[in-house]
Amino acid sequence: MKKRLTAAAVALLIALVSAGCKKESDQAHDPRLLLGFSQIGTESAWRIGNTVDIEEQAENYGVSLMLENANQKQENQIAAIRRFIAYKVDVIAFSPIVEDGWDNVLAEAENAGIPVVLVDRDINTDNPELITCKIGADFYSEGVMAGEYLIRKADSLGLDHINIVEITGTANSTPMMQRQAGFFDTISGDERMNVLESIDGDFLKSRGAECMRYLLDTYGDSIDAVFSHNDEMTIGAIPEIEEAGYKPGSDIIIISIDGGQDAIDILKEGRINCVVECTPKLGKALMETALKLKSGETVDEVIHPQEQVFSDEQDTSLIAPRGY
Ligand code: GYE
């Protein structure tokens with residue numbers, strides 16, 4: 001009897017201990033998807049809007065987000081991706097500041113069995129298998145839309161010659177290369193269009209101002225149009241044009257890309273003529289893709305958001321608040 005009671009007590013003890021252990025380990029294991037995201041930096045309203053959207057959508061979808069800001073440096077992005085691998089995240093996402101130089105770190109992610117999603121920008125690689133999905137705008141089409149607007153504007157003003165200056169985004173970045181290619185391909189068939197110079201403004205407001213000052217000093221009166229690859233550089237350039245004694249929007253045609261609230265407000269004032277939209281709201285598609293990857297579902301290789309053109313051809317007072 002004594003022996004049987006002892007055995008029952010031991011069995012009960014084992015059951016209690018193992019139930020306790022199970023509970024503890026359940027608590028330690030977070031069933032939520034763990035997503036590592038390396039953001040480029042904070043260079044523009046677009047970028048800040050993109051970060052906020054990704055944070056909000058992670059919250060909405062119950063995704064646990066490890067967010068790292070690279071402060072405009074590729075080496076910081078590479079280090080962040082290595083930390084995500086060491087941390088064994090479920091999915092890695094990043095917005096590559098430039099296209100080249102990612103193969104080694106992405107091979108490390110592949111060896112660790114972690115899928116990688118590109119957000120916003122693209123990379124240049126000999127091994128496209130390193131990337132499972134690309135979520136971002138069609139930058140070439142944005143350049144085309146900017147060029148088409150300029151052609152329509154030349155038609156409506158009856159201009160027979162347009163001297164253009166281009167302030168470009170970060171060299172070797174996807175939006176810089178594709179916006180330029182789309183724009184050039186569109187205007188090159190039009191004999192009225194002449195590009196005086198393309199200059200690197202690095203997507204920064206301060207550089208936009210510096211570039212514009214230089215362009216005005218160099219070409220003065222002969223500038224008819226500015227094509228700027230983002231709102232920040234446009235917003236930097238406009239006061240320089242005004243200080244030099246010209247009216248942006250009438251003396252000089254101003255075309256921008258992004259469509260943040262500040263640029264839209266300037267469009268409404270008539271000091272910008274055209275803003276091609278580039279939406280930073282990529283968070284929903286990112287969360288849905290990451291969740292599918294975690295559960296082993298197939299995902300779309302490329303996801304492009306829908307984009308539009310805002311310009312002085314429409315009633316700009318009807319443009320809804322932009323949210324970034
Ligand atoms: O246009 C610019 C930003 O990659 C689409 O980067 C993005 C660009 C955007 O800083 O404002």
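Analyst: Begin with the pairing rule: two strands pair if DSSP finds at least two bridges between them. This model is predicted. In it, three bridges join β3, residues 91-94, to β4, and the two run parallel. Ile-92 stands opposite Val-116 in β4.

User: What order do the six strands of the open sheet take?

Analyst: First the general idea. Strands of a sheet pair through backbone hydrogen bonds, either parallel or antiparallel. Here the order is β2-β1-β3-β4-β5-β11, with parallel pairing.

User: Which strands stand at the edges?

Analyst: β2 (64-69) and β11 (302-303). Each has a single partner strand, so one side of each lacks a neighbour in the sheet.

User: Which strands does helix α3 touch?

Analyst: Helix α3, residues 74-86, packs on the sheet and touches β1 (34-39), β2 and β3. Its direction makes about 170 degrees with that of β1.

User: Is Ala-112 buried, partly exposed or exposed?

Analyst: Buried means under 20% relative accessible area, and exposed means over 50%. Ala-112 has 40% relative accessibility, so it counts as partly exposed. Ala-112 lies in the loop between α4 (103-111) and β4 (116-119). From Ala-112 to Ser-173 is 61 residues in sequence and 27 Å in space, C-alpha to C-alpha.

User: What is the mean pLDDT of the protein?

Analyst: The mean is 93, and 91% of residues reach 70 or more. Residues 1-5 stay under 50, with zero contacts beyond four places in sequence. Residues 7-27 also stay under 50, again with zero contacts beyond four places in sequence.

Key:
Residues numbered from 1 in each chain as written. Predicted model: local features only at pLDDT ≥ 70, side-chain atom pairs only at ≥ 80, totals over all residues. Heavy atoms only, no water. pLDDT = per-residue confidence, 0-100. Contact = heavy atoms within 4.5 Å. Helix = DSSP H or I, 4+ residues; strand = E, 2+ residues; numbered from the N terminus. Buried < 20%, exposed > 50% of the residue type's maximum accessible area, 1.4 Å probe, protein only. Axes fitted to C-alpha atoms, helices over the stretch in contact; angles between N-to-C directions.
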